[in-house]
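Subject: Structure handover

Hello,

Here is the structure we talked about. Please open it alongside this note. My findings follow below.

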Amino acid sequence: MSSAMNWLVILLAIVNIVGAVWLLIVTAKKAPEDADATATTGHAWDGDLVEYNKPLPRWWLWLFIGTVIFSIIYLVLYPGFGRYAGVLGWNQNTDHAAAVQAAEEKARGIMAQFDGQPLPTLARDLKAQSIGRNVFANNCATCHGSDARGNPGFPNLADNDWIWGGQPEQILSSIIDGRTAVMPPLGAALGDKGVTEVVAYVRSLSGLSHDRRAAEAGSARFATLCVACHGADGKGNQALGAPNLTDDIWLYSAEAASIAEAINYGRNGQMPAHGPIIGEQRARLVAAYVLHLSQGAESVGGQQ
Ligand code: HEC
Ligand code: HEC
């Protein structure tokens, strides 16, 4: 709080209390003994509606006095009077931090029962799944979707197709350390015609409609420019996060325009490192949850 604001708040508090006291004194004046009990304020509404001129009832007056005393005691004990911290030293921020810490300690205690258990075991544990599902909803659903089935640019985690690897430790590593994909722009190296040809070849790898002549020409270009990362057979390379281009599962889209965009301008998908955000215990539980989702996909016949 700046110094000017400090004094403004103090001034406002004082003006308010003094004003309230002044109002009390003015309105509390007892009517003189000889006052006419039926005297009115002199105002008239709608022709004949008038009001008596009577002081506030005593009990009501005491209520007001009580609130003034309360406000003064409050300002002595709690922060409210400019920068003055209050005798009790209570503070919203430390209060909140303490509550968060208490909740975190409780959660750590609950999660501790899963420490050291292998991820595949946790993936079958209903209690671990339910915590993992909450962690997912709070931290991952914005990008991967609340059903974990992904969005263009954000991979489906509920199937059994992995860009960076589906071993439990690989999934955990994707979550804790994050992943940065680097597909370089190759439009300049290929030229427009070259791009069209490679697009046709890439679509042919997944059995999608394509121009056969263009695809044949594209095959040679693919062999020079793309195999280093996507492999001679186009099946990708998990160490580089280069997707399999032969399975008709797309991180972005199967549309020729989207494939051409990847080739022309490159792609740089980023999975942010979540270790520093959610900590290891939650990371392991959410990894187990993701494992559970993908295993479910397998057991119903390799969904997608
Ligand atoms: C340096 C390694 C590298 C080279 C070379 C490379 N790619 Fe890629 N490619 C990647 C990576 C990594 C991704 C994933 C990008 C992401 O996740 O954002 C990718 C993504 C793609 C995608 C998107 C796939 C999807 O599922 O949506 C296509 C299509 C593609 N590459 C085609 C090609 C073609 C065609 C070439 C050659 C002209 C090529 N790439 C060369 C690394 C490479
Ligand atoms: C800001 C968006 C974002 C958030 C939040 C996010 N992710 Fe990701 N995640 C991505 C992107 C983008 C990729 C793909 C990177 C690439 O292009 O290869 C990815 C990749 C992954 C992968 C690797 C998938 C594969 O096929 O190998 C896993 C596993 C994963 N995320 C799990 C999670 C979990 C669990 C959380 C929550 C704790 C999470 N992600 C939160 C964006 C996000």
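Start with helix α8 (residues 187-205) and helix α11 (residues 256-265): their axes come within 9 Å and cross at roughly 140°. That angle makes α8 oblique to α11, since only angles over 145 count as roughly antiparallel. The crossing of α8 past α11 is right-handed. On the α8 side, the residues in contact are Gly187, Leu190, Val195, Val198, Val199, Val202 and Arg203. They meet Ala256, Ile259, Ala260, Ile263 and Asn264 of α11. By class, this contact has nine nonpolar residues, two polar and one charged. Bear in mind that this is a predicted model.

Helix α8 has another partner. It packs against helix α9 (residues 212-225) at an angle of about 100°, and the two axes are 7 Å apart. The helices α8 and α9 are therefore roughly perpendicular to each other. From α8, the contact uses Ala189, Leu190, Gly194, Glu197, Val198, Ala200, Tyr201, Val202, Ser204 and Leu205. From α9 come Ala214, Ala215, Ala217, Gly218, Ser219, Arg221, Phe222 and Leu225. Twelve of the residues in the contact of α8 with α9 are nonpolar, four are polar and two are charged.

How do α1 and α2 lie relative to each other? Helix α1 (residues 3-28) and helix α2 (residues 58-77) have axes that come within 11 Å and cross at roughly 160°. Angles over 145 count as roughly antiparallel, so α1 and α2 are roughly antiparallel to each other. Their crossing is left-handed. Ala13, Ile17, Ala20, Val21, Leu24 and Ala28 are the α1 residues in this contact. Across from them, α2 supplies Arg58, Leu61, Phe64, Ile65, Val68, Ser71, Ile72 and Leu75. The contact of α1 with α2 counts twelve nonpolar residues, one polar and one charged.

Last, the domains. The domain assignment gives domain 1 (3-77), domain 2 (98-180 + 272-299) and domain 3 (187-268). The centres of domain 2 and domain 3, taken over C-alpha atoms, are separated by 31 Å. How many residues of each are in contact? Twelve residues of domain 2 touch nine residues of domain 3. Between them, domain 2 and domain 3 bury about 790 Å², with 59% of that on carbon and sulfur atoms.

Best wishes

Technical notes. Residues are numbered from 1 along each chain as its sequence is written. Chains are lettered from A and ligands numbered from 1 in the order in which they are written. This is a predicted model: local features need pLDDT of at least 70, side-chain atom pairs count only at pLDDT 80 or more; totals for chains, interfaces and linings use all residues. Side-chain values use heavy atoms; hydrogens and water are left out. Axes are lines fitted to C-alpha atoms, for helices over the stretch in contact, and angles run from 0 to 180 degrees between N-to-C directions. Helices (H or I, at least four residues) and strands (E, at least two) are DSSP runs, numbered from the N terminus. Angles under 35 degrees count as roughly parallel, over 145 as roughly antiparallel, 65 to 115 as roughly perpendicular and the rest as oblique. A crossing is left-handed if the near helix is turned anticlockwise from the far one by less than a right angle, and right-handed if clockwise. Contact means heavy atoms within 4.5 Å. Ala, Val, Leu, Ile, Met, Phe, Trp, Tyr, Cys and Pro count as nonpolar, Asp, Glu, Lys and Arg as charged, and the others, Gly among them, as polar. Domain bounds come from an automatic or database domain assignment. Buried area is the accessible area (1.4 Å probe) that two parts lose on being put together, summed over both.
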